[in-house]
Amino acid sequence: MSHTALIPSHRKPRRNASKTALRAGVAGGVLSTIAVAGAAGPAQAEPVTQTIEMPTITAGVSTTVAASAEATQQVALDLETQAHEEAAATTAAKDAKKAKAEAVRKAEAKKKAEAKAKAEAEAKAEAAERASRSAERTTLSTSSGSSSSGSSSTSTTSYSSTATGTAASVVAFAQAQIGDAYVSGGTGPNSWDCSGLVQAAFRTVGVDLPRVSQSQSTAGTQVSLSNLQPGDILYWGGAGSAYHVGIYVGGGQFVGAQNSSTGVVQKSLDYDPPSGAVRVL
């Protein structure tokens, strides 16, 4: 090998000069910036010489807060007032309901009392009328006892009615009760009052008469006492205000529940002449 031949070098190849210069420039710039910032910082800083105060609440903010508090208080008062009003309304409703129930109870009690008083008055009036009739009959019986003709006209006979059809059934029922007791308000089967007997007799043929004598005296067609037929209803007193009723059985006789002394009897019309008559059949 020639002594002039190239021997490989062991040194690292040099970096590109331009890249090296660029890196050096960047590093220098960064260091300069740091140095300038460090020198300027202490010189520009100023020592703290006073305490910074918080801003004070202005008058407007204070007014707003006060108004909000007042509004909240007003809402609370309104709610409390509403609660009181609702409680008062509930109490008033309960009181009104109780008062209404009490008024209804009193009205019913008054109505019952008036009905009872009316019934008692009617019963007393009917009893007075019966007493009057009994007195009249006693007088009539006494006067009739002085003559044979009078005695025969007031006695109970065994007259057999010539009635036919439904009238015959009514008459037969009435005559079947002769001898039964008289009881005020009686409707059978063994005791009767005048209108109870008449009502029961007509019920046997499917005729539903009113219960009391006043109504029975207008239950049918008014007929003359001179034109009576078996089964006609006889009444004593005025039509619509009669105090006694009976059933005409023919032959100038009637059957009726007269009073507690006689019970149910069959008598001549002369015994107690009726005021009028109605025909239902």
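## Aromatic pairs

A search of the whole structure finds two aromatic pairs, where rings of Phe, Tyr and Trp (its six-membered ring) pair if their centres lie within 6.5 Å, and planes under 30 degrees apart count as stacked, over 60 as edge-to-face and the rest as tilted. The structure is a predicted model, in which local features need pLDDT of at least 70 and side-chain atom pairs count only at pLDDT 80 or more, while totals for chains, interfaces and linings use all residues. Residues are numbered from 1 along each chain as its sequence is written, and side-chain values use heavy atoms, with hydrogens and water left out.

Because Phe173 lies in helix 4 (residues 165-176) and Trp192 in strand 2 (residues 191-192), the pair ties together parts that are 19 residues apart in sequence; helices (H or I, at least four residues) and strands (E, at least two) are DSSP runs, numbered from the N terminus. Phe173 is partly exposed, with a relative accessible area of 21%, whereas Trp192, at 3% relative accessibility, counts as buried; buried means under 20% relative accessible area, exposed over 50%, and partly exposed in between (1.4 Å probe, protein chains only). Trp236 and Phe254 form a tilted aromatic pair, with 5.4 Å from centre to centre and 55 degrees between the planes. Trp236 belongs to strand 4 and Phe254 to strand 6 (residues 253-259), so this pair ties together parts that are 18 residues apart in sequence, and both Trp236 and Phe254 are buried.

## Helix 4 and its cover

Helix 4 has 12 residues and reaches 17 Å from its first C-alpha to its last, close to the 16 Å expected at 1.5 Å a residue, the expected span being 1.5 Å times one less than the number of residues. Its buried residues are Ala167, Val170, Val171 and Ala174. They cover an arc of only 95 degrees around the axis, which puts them on the same side of helix 4; the arc is that of the directions from the helix axis to the C-beta atoms.

On the other side of helix 4, Gly165 and Ala176 are exposed. The cover over the buried residues of helix 4 includes helix 5 (194-203), strand 5, strand 6 and strand 7 (263-268).

## Strand 8 and its partners

Strand 8 (residues 276-279) has Gly276 and Val278 pointing one way and Ala277 and Arg279 the other way, and all are buried. Strand 3 (residues 221-223) runs antiparallel to strand 8 and is joined to it by three bridges, with Thr221 standing opposite Arg279; two strands pair if DSSP finds at least two bridges between them. Strand 4 also pairs with strand 8 in the antiparallel sense over three bridges, and here Tyr235 stands opposite Gly276.

Gln216 is found in helix 6 (residues 213-216) and is buried, with a relative accessible area of 0%. Leaving aside residues up to four places away in sequence, Gln216 touches Ser195, Val198, Gln199, Pro210, Arg211, Ile233, Val245 and Val278, where contact means heavy atoms within 4.5 Å.

Gly240 is found in the loop between strand 4 (233-236) and strand 5 (244-250), and is partly exposed, with a relative accessible area of 39%. With residues up to four places away in sequence again not counted, Gly240 touches Gln214, Ser217 and Thr218.
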